[in-house]
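Please have the sequence and the model open side by side.

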Amino acid sequence: MKLFLKGLIRGVIPFIFLLIISLWSKLQGSEVNSQIFFYYGLIAFFLGFASVIYQIRQWSFLKQILVHYMTMLITVFPTLLLSNFYPLNSFGDVLEVYFLFNKVGIILFLITYFISKLLINHNNRKSKMVL
């Protein structure tokens with residue numbers, strides 16, 4: 001339950017922030033910007049909410065990766081399709097968005113993976129120096 005609440009908080013905070021910007025844009029008469037910020041907010045919510053998957057210590061890292069990918073596939077990917085960010089005139093267009101979704105996901109995963117490895121190594125070195 002703690003992880004659920006932690007994920008909910010991580011998702012709701014950026015969603016509320018982007019929802020306020022969306023509503024402000026709508027009040028200013030910019031329907032397009034309003035929709036863009038709303039969909040950004042949804043995506044931020046899903047990313048924040050799902051981030052706690054990597055804190056489930058009972059799961060292997062591979063299981064965490066697969067569950068996170070499937071979660072993104074059933075939340076973020078349809079949001080991208082419904083957002084009108086990309087033209088969807090054919091099945092080929094949907095495939096193009098799918099490949100882009102995976103490409104960006106792999107890049108972001110690798111960046112965050114290597115940053116976390118660097119931070120862990122740095123923290124390990126610092127704690128060895130203290131001992």
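Contact here means heavy atoms within 4.5 Å. What you are looking at is a predicted model, in which local features need pLDDT of at least 70, side-chain atom pairs count only at pLDDT 80 or more, and totals for chains, interfaces and linings use all residues. Residues are numbered from 1 along each chain as its sequence is written, and side-chain values use heavy atoms, with hydrogens and water left out.

Let's begin at T79, which is found in helix α3, residues 61-82. Helices are DSSP runs of H or I with at least four residues, numbered from the N terminus. Setting aside residues up to four places away in sequence, T79 touches Y39, L42, I43 and F46. Is T79 buried or exposed? It is buried, with a relative accessible area of 8%; buried means under 20%, exposed over 50%, and partly exposed in between, using a 1.4 Å probe and protein chains only.

Now for the aromatic rings. Rings of Phe, Tyr and Trp (its six-membered ring) pair if their centres lie within 6.5 Å; planes under 30 degrees apart count as stacked, over 60 as edge-to-face and the rest as tilted. By this rule there are 18 aromatic pairs. One of them joins F4 and F49 edge-to-face, at 5.4 Å centre to centre with 85° between the planes. This pair links distant parts of the chain, with F4 in helix α1 (residues 2-27) and F49 in helix α2 (residues 31-50), 45 residues apart. F4 is partly exposed at 44% relative accessible area, and F49 is also partly exposed, at 28%.

F77 and Y98 form another edge-to-face pair, 5.7 Å centre to centre with 80° between the planes. F77 lies in helix α3 and Y98 in helix α4 (residues 91-130), so this pair ties together parts 21 residues apart in sequence. F77 is buried at 11%, while Y98 is partly exposed at 27%.

Definitions and conventions:
Helices (H or I, at least four residues) and strands (E, at least two) are DSSP runs, numbered from the N terminus.
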